[in-house]
Amino acid sequence: KVLSNDCLAKDFIPRTPGFCLILDSEKMLTLKTLKKPGIHGKRIEIPNHTEYFNKIKRRHKNTYNMTIGEYIKMISGLPGVKNSMGGAWFDYCCGVGGNEDMLPKTDISNYFKARLPYNNSVFAYTFCFRTNKKRSEKYQDMFFMQRFVQETALKYGYVLLRLGNGRIYGGKSAPMFFEKFEVKKIF
């Protein structure tokens, strides 16, 4: 997790004229990692609907008591938000199918549909391999998400180019996978 944070911060730095949209936990590791090399806190947006919202909000003004899907819906109609995201990390603590609160495929679709990323921005995600369904392949969810995000971005006028290799980390009980892409606007 720490290595993913460090790698992403390095990729976000040249894109800091735009906003950075992240999910973060009560430890605020991603926020701290992004601020350390100089990304200003005013450029970092954190939707967080968990019991840790108040703790994060006390330390970071741009924290919103909502899911990432609600946040995207809220800002989509605002003037000046198109092409405003220099970096986005959809750092889910769930599987690709989501859960009661999180709908990853819908969130990702709405992010690109609202035309939030600007050209040469970074898009990343993290998912857990945990699932209630039996899978025929060990890494099926990872391969599904690679294809899903690329097809979704293309549908809305973007091409995603891989930035480095993805990562698998965590223990046997909750292994995670992380991937990041450079977003190229094609229309």
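Let me begin with strand 8, residues 176-185, which is mostly covered in this predicted model, since eight of its 10 residues are buried.

Turning to the neighbours of that strand, strand 5 pairs with strand 8 in the antiparallel sense, over eight bridges, and within that pairing Ala124 has Lys180 of strand 8 as its bridge partner. Strand 6, residues 158-162, also runs antiparallel to strand 8 and is joined to strand 8 by five bridges; here you can find Leu161, whose bridge partner in strand 8 is Glu182. Strand 7, which covers residues 167-169, pairs with strand 8 over three bridges, again in the antiparallel sense, and Ile168 has Phe177 of strand 8 as its bridge partner. Strands 7 and 8 form a hairpin with six residues between them, and in the turn Gly170 has a positive phi of about 100°.

Asn120, which is found in strand 5, residues 117-128, has a positive phi near 75° although it is not a glycine, and its relative accessible area is 28%, so Asn120 counts as partly exposed.

Where does Asn83 lie? Asn83 is in the loop that runs between helix 4, residues 68-76, and strand 4, residues 85-91, and this asparagine, too, has a positive phi, of about 60°, without being a glycine. With a relative accessible area of 30%, Asn83 is partly exposed.

Technical notes:
Residues numbered from 1 in each chain as written. Predicted model: local features only at pLDDT ≥ 70, side-chain atom pairs only at ≥ 80, totals over all residues. Heavy atoms only, no water. Helix = DSSP H or I, 4+ residues; strand = E, 2+ residues; numbered from the N terminus. Buried < 20%, exposed > 50% of the residue type's maximum accessible area, 1.4 Å probe, protein only. Pairing = 2+ DSSP bridges.
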